[in-house]
Amino acid sequence: MTLQVIVGAQWGDEGKGRIVDWFAAQARYAARFNGGDNAGHTVTVGQRVFKLHLIPSGILQPHIVGILGNGMVVNPQTLVEEMDMLAGNGIPISPARLHLSYAAQLITPAHNALDRALESGRGKDNIGTTGRGIGPAYTDKAARSGLRAVDMLAPDFCEHLGDHVAETNRTLGLHGAPHLDPAPICNQFRLLAEHLKPYITDTAAELDAALRAGQNVLAEGAQGTLLDIDHGTYPFVTSSNTTAPGALTGLGLGLTAAREARVSGVVKAFQTRVGSGPFPTEVSGELADRLRGSGKNPWDEFGTTTGRPRRVGWLDGVLLRYATRLNGLTELVITKLDILTGLDPLRVCVAYKTGQETLTDLPFGPADLHLYEPVYEDLPGWTEDLGTIRDWEDLPAAARGYLERLEHLTGVPVTLASVGPEREQVVEKR
Ligand code: GDP
Ligand code: IMO
Ligand code: MG
């Protein structure tokens, strides 16, 4: 009945995984529509911390059917490892509850090697990719030479794979990188194809039928709005559409497939970024160490996929308003509110300054961000530990004031705030 698209409103790692897990309690399907194993989505259930790269986070709820949509780039090796990891932790994985779109693109070791070669060729101007072959796989898709999940069903799959490795070897050679031997890759992929065959289906038709039959579908975004290939801080972006409309093309759904649409923007209570690119509200020194954490806690700001320390800063309200418009957000979900406890004042960027001019909207979206200086508004902080709070009214007045300021900046209500990484550490505004 309802299509609920859950997207990151910043530069990724907003806590989408745990929010999808929360909403999955009320849904039938959870579907990834973009990206690949560059994503790292964490869900904490009791003592167990699940880090998911490809399989939708909703899969941890037993009634959910997980979908890997056509908009994804899927490394079959990572997928099989993740299926095994989940099964080993008592999460049932079978063709009855996990479906891979026949039209999803495949990532091969050749894509991984090319991603690394291209990054090292960029030198100090590197993008800081995750090295997971994402860019090269989407490049092949756009060039119409990519391998798709459905190709794994064909008897001549290994020949096509061999051609792809040979072709990529030519490009690797241009970048001075060593060639890959196609034979072991073909052997590896023959086994992976055998394993994955029963999971490959027409997921677009399935999701359309589910929505028409009145079921709830969650679309789980990967990365974040500011990493969108069209609308992000290009060229420091990923290679897919991370914004909510990407859920339609990335799942093969028509504009009118759902009777109701809900677009939830997940917003970390401060700002983080991993990899290169502009970040106007970035902070350094003691404050950065405080926001990032030392790395001792599983929720500290170190990459879920690569372990890299994340850059940190104050919440950027100008970019948040941009994300609200681009995604057509109907609500904000704020995560990691607990991390702000003890900081006073809390700063929020409400405008940018350039020369004598003050701007609240940017002339070219997030292009040229390096030209602007943030204008901050200081808000009062709070000292209370939020971790055990479950009722909105029990949040300190200053915390509610902070959330209300975000509502005012964006014109969109905050419906949920998380106050710790645990599944239940969520405060709902009823
Ligand atoms: P995603 O990629 O958007 O799913 O986010 P990540 O999993 O990469 O990063 C979010 C991190 O913050 C994970 O370690 C989560 O367990 C953690 N986290 C999420 N929500 C909260 C919260 O409200 N408080 C705290 N302390 N940690 C949180
Ligand atoms: P989740 O889904 C944060 C960043 C990389 C790099 C840029 C391009 O966990 O929020 P890529 O490997 O995609 O070509 O890298 O995008 N990036 C992410 N940053 N969270 C992610 O995913 C990311 N996926 C990619 O750091 O700057
Ligand atoms: Mg992440």
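This is a predicted model: local features need pLDDT of at least 70, side-chain atom pairs count only at pLDDT 80 or more; totals for chains, interfaces and linings use all residues.
Which residues have the most contacts inside the largest nonpolar core?

Residues are numbered from 1 along each chain as its sequence is written, and side-chain values use heavy atoms, with hydrogens and water left out.

**View 1. The largest nonpolar core has 60 residues.** L3, I334, L337, L340, W382, Y402 and L403 have the most contacts inside this core. Helix α11 (residues 397–410; helices are DSSP runs of H or I, at least four residues) gives the most to it, with six residues. A nonpolar core here is a set of buried Ala, Val, Leu, Ile, Met, Phe, Trp, Tyr and Cys residues joined through side-chain atoms within 4.5 Å; buried means under 20% relative accessible area (1.4 Å probe, protein chains only).

**View 2. I334 and its contacts.** Leaving aside neighbours within four places in sequence, I334 is in contact (heavy atoms within 4.5 Å) with V267, A269, L403, L406, V414, L416, A417 and S418.

**View 3. W11 and F279, one of three aromatic pairs.** Rings of Phe, Tyr and Trp (its six-membered ring) pair if their centres lie within 6.5 Å; planes under 30 degrees apart count as stacked, over 60 as edge-to-face and the rest as tilted. This pair is tilted, at 5.2 Å centre to centre and 50° between the planes. W11 is buried, with a relative accessible area of 3%, and F279 is buried at 7%.

How values were computed:
Chains are lettered from A and ligands numbered from 1 in the order in which they are written. Buried means under 20% relative accessible area, exposed over 50%, partly exposed in between (1.4 Å probe, protein chains only). Helices (H or I, at least four residues) and strands (E, at least two) are DSSP runs, numbered from the N terminus.
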